[in-house]
Structure formats: structure tokens, C-alpha cells
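Reader: I have a new model on my screen and would like to learn how to read it feature by feature. Could you walk me through it?

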Amino acid sequence: MIDIERILAPTDFSAHAQQALRYACDLAERLGAELYVLHVLSEIVPTGPDPLLMPVMPPQFYQEDEDRAAKSLETVLDPSWGKPRTVTTAVRWGTPAEAIVDYAADQKVDLVVIATHGRSGLSHVLLGSVAERIVREAPCPVLTIRDTGKAKPNAS
């Protein structure tokens with residue numbers, strides 16, 4: 001039997017991610033597992049002809065962004081979705097796929113539950129897929145939740 005003690009549910013606060021969070025909460029409750037909810041903030045990468053001439057953001061900009069995300073994480077879960085054994089929230093900086101995979105490894109997560117936007121064709125090629133990369137690189141199984149457009153995040 002496989003023991004799932006720690007479940008990671010990354011979120012970008014989208015409706016798609018809320019559906020995955022709902023699955024993760026319910027699953028964590030059923031399994032008596034801990035739930036980790038992670039939001040990744042992308043670092044600003046200078047682009048343009050001369051990156052040295054790009055304005056540098058003051059340190060308080062980053063702290064304010066992180067504080068806003070942490071505050072949003074406090075209310076992202078609906079109590080009707082299930083009651084995990086414990087809930088831990090975190091904000092990390094970096095590229096989403098790398099930060100999620102690293103966090104899963106650091107926390108010794110047993111399962112990642114993540115939303116997928118279900119892009120195909122040219123948009124998938126151009127935008128890539130965070131979920132696809134996590135499936136390939138995560139140190140544990142990954143459950144992807146595809147948005148069908150039918151489920152409502154707050155429906156019971």
C-alpha cells in the first residue's frame with residue numbers, strides 16, 4: 001500500500017487552480033494527510049537591448065508582493081472542500097515549475113495535485129506547460145486536474 005502523508009497543491013489563484021485545490025483538500029481529508037499550498041512569484045527578468053539599463057525594483061517591492069501572496073493564501077481554501085490534517089502555506093520566488101519541484105523535494109511531498117489549463121497546438125508550443133514539466137521532474141507522483149469548464153470551484 002502506498003502511504004500519502006503530504007500533498008502539495010500549487011496555486012496561481014486562478015479558477016483552474018481552485019478546482020485542483022478542492023481535489024487536494026478532499027483527498028487530504030480522506031487520507032488524513034497534510035496539505036501544502038504553494039504560490040510561486042516570478043522574478044522579474046530584465047529584457048531589452050541592454051539589461052544593465054533596466055530599472056531595478058526596490059527591495060520593498062518584492063516584500064510587498066510576497067506579503068500580498070501570503071495573505072491571499074490564508075483565505076484560498078474553502079472549509080467546505082475538506083479538512084486536511086494540517087495546512088501549510090508558502091510563497092517562493094522563481095520559475096513556477098522549478099520552484100514547485102524543488103519545494104516538493106524539500107518537503108518530501110508524496111503527491112502533487114496541480115491544475116492544467118489544457119492548452120494544445122500552437123499555444124502549448126509557445127507557452128509550454130508548467131504542469132507537463134512538473135509531471136516529468138517531480139520527485140513524486142503528480143495528479144493533474146484538467147479544467148472541463150463544468151465544475152464550479154465553490155459548488156458542493
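Predicted model: local features only at pLDDT ≥ 70, side-chain atom pairs only at ≥ 80, totals over all residues.

Reader: Is H39 buried or exposed?

Author: The relative accessible area of H39 is 9%, so this residue is buried, the cut-off being under 20%. Leaving aside residues up to four places away in sequence, H39 touches T11, D12, F13, A69, L73, A90, V91 and R92.

Reader: F13 is in that list. Where does F13 lie?

Author: F13 lies in the loop between β1 and α1, the latter covering residues 15-31. At 32% relative accessibility, F13 counts as partly exposed. Its backbone deserves a look too. As a general idea, most residues other than glycine have a negative phi. F13 is not a glycine, and yet its phi is positive, about 70°.

Reader: Which residue just after α3 takes a positive phi?

Author: That is K108, with a phi of about 55°. K108 lies in the loop between α3 and β4. Its relative accessible area is 58%, so K108 is exposed, for which the cut-off is over 50%.

Reader: Now the overall layout. How many helices and strands does the protein have?

Author: The secondary structure comes to five helices and five strands. Along the sequence they follow the pattern β-α-β-α-β-α-β-α-α-β. The protein has 156 residues, of which 32% count as buried. Contacts give another view of the fold: among those between residues at least 6 apart in sequence, 83% join residues at least 24 apart.

Reader: How do I read the packing of two helices?

Author: In general, two packed helices are described by the angle between their axes and the distance between the axes. Here, take α3 (residues 96-106) and α5 (residues 130-137): they pack at an angle of about 35°, and their axes are 9 Å apart. The crossing of α3 past α5 is right-handed.

Reader: Which residues make that contact?

Author: From α3 come P96, A97, E98, I100 and V101, while α5 contributes V130, R133, I134 and E137. Sorted by class, the contact of α3 with α5 has six nonpolar, no polar and three charged residues.

Reader: Which residues of α3 are buried?

Author: In α3, the buried residues are A97, A99, I100, V101, Y103 and A104. They pack against β1, β2, β3 (86-93), β4 (111-116) and α5.

Reader: Let me pick a residue of β4 then. What does I114 touch?

Author: I114 is found in strand β4. Not counting residues up to four places away in sequence, I114 touches P10, A20, I100, A131, I134, V142, L143, T144 and I145. At 6% relative accessibility, I114 counts as buried.

Reader: Last topic, confidence. Where is the confidence lowest, and where is it highest?

Author: Confidence is lowest in helix α4 (residues 121-127), with a mean of 48, and highest in strand β1 (residues 6-10), at 97. Across the protein the average pLDDT is 83, and 77% of the residues score at least 70.

Reader: Over which residues does pLDDT stay under 50?

Author: One such stretch is residues 123-127, for which the model has five contacts beyond four places in sequence. Another is residues 151-156, with 11 contacts beyond four places in sequence.

Note on methods
Residues numbered from 1 in each chain as written. Heavy atoms only, no water. Axes fitted to C-alpha atoms, helices over the stretch in contact; angles between N-to-C directions. Helix = DSSP H or I, 4+ residues; strand = E, 2+ residues; numbered from the N terminus. Left-handed = near helix turned anticlockwise from the far one by under 90°. Contact = heavy atoms within 4.5 Å. Nonpolar A, V, L, I, M, F, W, Y, C, P; charged D, E, K, R; others polar. pLDDT = per-residue confidence, 0-100. Buried < 20%, exposed > 50% of the residue type's maximum accessible area, 1.4 Å probe, protein only.
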